[in-house]
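Look through the sequence and the structure before reading on.

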Amino acid sequence: MEKEARIYVAGHRGMVGSALVRKLQSEGFTNLVTRTSAELDLRNQAAVANFFAQEQPHYVFLAAAKVGGILANNTYRAEFLYDNLMIEANIIHNAHQTGVKKLLFLGSSCIYPKMADQPLKEEYLLSGFLEPTNEPYAIAKIAGIKLCESYRSQYGSNFISAMPTNLYGPNDNYDLNSSHVLPALIRKFHEAKVNDQPTVEVWGTGSPRREFLHADDLADACFFLMEHYNDDLFVNIGTGEDVTIREVAEMIRDVVGYEGELRWNTDKPDGTPRKLMDVSRLHAQGWHHTTDLRRGLENTYQDFLENEVMYVE
Ligand code: GFB
């Protein structure tokens, strides 16, 4: 990408989009195009068409999505499917219409079948049934991959897709009903410490395994792929290492400095037993993550302390 290129970061206020903006700015890109959701409703076909016709971005990072943890995915099933389908379809189609040079679409590790072999290789897509709690989100993300592949095969568009593992970092969502596990536990342990509570509720059995990647590492990988990767095969982005929910909960308890007990609420779902990414395709391209989980959690807790007022309204 040329330094003066017009780069549209869709979803720039979210955890991933804001990490992408930080990365692009640190690399000297100054011509970034952004819109808040109040300024541009990405589900609105006409509004998105007007926006692309007016701004004519050269490059697009598609990090806008309706996202959430296991409970939000399972509760707002219609919005997770509809909003994500509309956002992707509108952006990818209009990127094609206006001759965008390259687009990177971001999916998720939940696109893989619930019982797929581990680690998850890219070729396992569509080889089995999905995890029911996030099937609508996964179907939308699979549609996004297929949109990129189809515009590439029919029109030659340089649209690539990357599938990040579970993410965490600055600007995460700390609402306990809609957040992912790491921000939820950072907040719960912190509040329990401050309020001297004897126990903290943790969902499920603690036995599911998850892989976690810091959002700054993800942004670095996305930038790397935008610069170097032009293939039709999509790419997993992760660390290639996972931990149990129990292990990560204990790590967060440590990082926060909480001394009480964990109380497991098995009325809440576990979700997929395991979703560890096979990252050999990404490693073969020459990219490797740099933030280890413990250090990433320490940074994220610091960020939480500095921005608690904004994160917990
Ligand atoms: O992060 P999480 O909500 O999403 O949950 P998924 C991961 C695991 O942590 C589950 C457990 O086994 C949860 O039961 N957990 C323990 C908690 N305590 C908590 C808590 O306080 N809050 C939350 N949220 N979980 C999502 C998908 O699945 O992963 C999305 O629903 C997306 O579609 C995302 O793919 C990356 O990893 O289970």
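**Cysteines and a helix pair**

The structure holds zero disulfides (a disulfide is a pair of cysteine sulfur atoms within 2.5 Å). This is a predicted model, in which local features need pLDDT of at least 70, side-chain atom pairs count only at pLDDT 80 or more, and totals for chains, interfaces and linings use all residues. Residues are numbered from 1 along each chain as its sequence is written, and side-chain values use heavy atoms, with hydrogens and water left out.

- C148 is in no disulfide, and the nearest cysteine sulfur, that of C222, is 13 Å away.
- C148 is buried, with a relative accessible area of 1% (buried means under 20% relative accessible area, with a 1.4 Å probe and protein chains only).
- C222 is likewise in no disulfide, and C222 is buried, at 0% relative accessible area.

**Helices α6 and α8**

- Two packed helices are described by the angle between their axes and the distance between the axes.
- The axes of helix α6 (residues 181-194) and helix α8 (residues 245-256) come within 9 Å and cross at roughly 45°.
- On the α6 side, the contact (heavy atoms within 4.5 Å) is made by V181, L182, L185, I186, F189, H190 and K193.
- On the α8 side, the residues are I245, V248, A249, I252, R253 and V256.
- By class, this contact of α6 with α8 has 10 nonpolar, one polar and two charged residues.

Technical notes. Buried < 20%, exposed > 50% of the residue type's maximum accessible area, 1.4 Å probe, protein only. Axes fitted to C-alpha atoms, helices over the stretch in contact; angles between N-to-C directions. Helix = DSSP H or I, 4+ residues; strand = E, 2+ residues; numbered from the N terminus. Nonpolar A, V, L, I, M, F, W, Y, C, P; charged D, E, K, R; others polar.
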